[in-house]
Amino acid sequence: MPHLQTGGGDADSFSRFTVSESWTGDLANGIIRLGDRATVLHGLDGPECGLLNMTRCYDAHDRAHVLDLFEQAATVSSTFCYSTTIVSDDEYRQPVFCIAETTGVEGGVAGSICGVFMFPRFRLAPALPASIYA
């Protein structure tokens, strides 16, 4: 296995294992604008969506936590992150990591949000039914 470089090679190493894509949101109207890859992986028809539409493909166990993070971040300018799995129609699962920050939400003013999604360059096989684990 090749040794990961440090210093100038970090970006190359990062892109070798992940695809990253930025996204933005307007907290005044609740519209989130995703990049092309995130739009497809989230199973959306277009790049603009609401938070509930974006998170509906997330693992059911993580959805409430992700919504709570967004709610908290909409009340005070802050930075947050989460990881979950996108479950696609073919039942394959795509891990996703998100780091984001909200700005301009103090004083009752709706601000904005910007973030980055990181998608590892692999998908996980469909989950096994719960009865197999029993």
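Reply: Arg33 and Glu48 form a salt bridge through their side chains, with 3.4 Å from N to O. The two partners are 15 residues apart and belong to distant parts of the chain, Arg33 to strand 2 and Glu48 to strand 3 (residues 48–49). The term covers a side-chain nitrogen of Lys or Arg within 4 Å of a carboxyl oxygen of Asp or Glu. Side chains of opposite charge can pair when their charged atoms come close. In the whole structure, the search finds 1 salt bridge.

The model is a predicted one, in which local features need pLDDT of at least 70 and side-chain atom pairs count only at pLDDT 80 or more, while totals for chains, interfaces and linings use all residues. Numbering runs from 1 along each chain as its sequence is written, and side-chain values rest on heavy atoms, with hydrogens and water left out.

On accessibility, Glu48 is exposed because its relative accessible area is 51%, whereas Arg33 has 42% and so counts as partly exposed. Here buried means under 20% relative accessible area and exposed over 50%, with partly exposed in between (1.4 Å probe, protein chains only). Over the 134 residues of the chain, 31% are buried.

The elements around the pair come next. Helices (H or I, at least four residues) and strands (E, at least two) are DSSP runs numbered from the N terminus. There are 5 helices and 6 strands, in the order α-β-β-α-β-α-α-β-β-β-α along the sequence. Confidence is given as pLDDT, the predictor's score for each residue from 0 to 100. Where pLDDT is low, the predicted coordinates should not be read in detail. The chain average is 85, and 84% of the residues score at least 70.

Ile31, Ile32, Leu51 and Leu67 are among the lining residues, and by class the lining has 8 nonpolar, 2 polar and 2 charged residues. Ala, Val, Leu, Ile, Met, Phe, Trp, Tyr, Cys and Pro count as nonpolar, Asp, Glu, Lys and Arg as charged, and the others, Gly among them, as polar. The space in this pocket is about 160 Å³. Pockets are found on a 1 Å grid over the protein atoms alone: each is an open set of points with protein on both sides within 12 Å along at least five of seven lines, and lining residues have an atom within 4 Å of a point. Grid points are joined across faces, edges and corners, and the volume is the space filled by probe spheres set on them.

Helix 3 (residues 51–55) contains Thr55, which counts as buried because its relative accessibility is 1%. Apart from neighbours within four places in sequence, Thr55 contacts Arg63, Val66 and Leu67; Leu67 is also one of the residues lining the second largest pocket.

Glu101 sits in strand 5 and has 35% relative accessibility, so it counts as partly exposed. Its C-alpha is 6.2 Å from that of Phe80, 21 residues apart in sequence.

Strand 4 (residues 79–87) includes Cys81, which is exposed because its relative accessible area is 52%. Beyond four places in sequence, Cys81 is in contact with Leu69, Cys98 and Ile99. Among contacts between residues at least 6 apart in sequence, 47% join residues at least 24 apart.

Technical notes
Contact means heavy atoms within 4.5 Å. On a 1 Å grid over the protein atoms alone, a cavity is a set of points where a 1.4 Å probe fits but cannot get out, and a pocket is an open set with protein on both sides within 12 Å along at least five of seven lines; lining residues have an atom within 4 Å of a point.
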